[in-house]
Amino acid sequence: MLEVHDFTRHARERATARAFPPLVAELILDYGESRDAGDGARTYALTRTSMRTLRHRAGPTLVKALEPYRSRNAYVIAAAGRVITCAYAPKPLFR
């Protein structure tokens, strides 16, 4: 089940500016892999492994819709249940 996170004003602005739908951010938070981002925050991103898990749970249609975000290295930074920002990295964050 998808957990709904609060978005900071900064996160809402960045998501709008970067054409990053909030639902995509929620899916990255729920299914992506995470790493420590410092100061109690975590960075989340979709990986092949997380996409495989998502395919088993939600089916290939959703995975196909998310593939452009994974290929653009979409990531979300969150702390204490709040989305801090969402963006695209120039290269994959996790190997």
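A residue is called buried when its relative accessible area is under 20%, and this word is used in the legends below for a predicted model.

**View 1. The rings of Phe-20 and Tyr-69 form a tilted aromatic pair.** A pair of aromatic rings is described by the distance of the centres and the angle of the planes. For Phe-20 and Tyr-69 the centres lie 6.1 Å apart, with an angle of 55° between the planes. Because Phe-20 belongs to the loop between α1 (9–17) and α2 (22–31) while Tyr-69 belongs to helix α4 (residues 60–71), this pair ties together parts of the chain that are 49 residues apart in sequence. Phe-20 and Tyr-69 are both buried.

**View 2. Phe-20 also forms a tilted aromatic pair with Tyr-88.** Here the distance is 5.3 Å from centre to centre, and the planes make an angle of 40°. The pair links distant parts of the chain, since Phe-20 is in the loop between α1 and α2, whereas Tyr-88 is in strand β5 (residues 82–88), 68 residues apart. Tyr-88 is buried, as is Phe-20.

**View 3. Phe-20, Tyr-69 and Tyr-88 are linked into a cluster by ring pairs.** A search of the whole structure finds two aromatic pairs, and Phe-20 takes part in the one with Tyr-69 as well as in the one with Tyr-88.

**View 4. The charged end of Arg-72 sits over the ring of Tyr-88.** The distance from this charged end to the centre of the Tyr-88 ring is 3.7 Å.

**View 5. Arg-35 lies over the face of Phe-94.** In this arrangement Arg-35 is placed at 4.3 Å from the ring centre of Phe-94.

Methods: Residues numbered from 1 in each chain as written. Predicted model: local features only at pLDDT ≥ 70, side-chain atom pairs only at ≥ 80, totals over all residues. Heavy atoms only, no water. Phe/Tyr/Trp six-rings, centres within 6.5 Å; stacked < 30°, edge-to-face > 60°. Helix = DSSP H or I, 4+ residues; strand = E, 2+ residues; numbered from the N terminus. Buried < 20%, exposed > 50% of the residue type's maximum accessible area, 1.4 Å probe, protein only. Lys NZ or Arg CZ within 6 Å of the ring centre and 35° of its normal.
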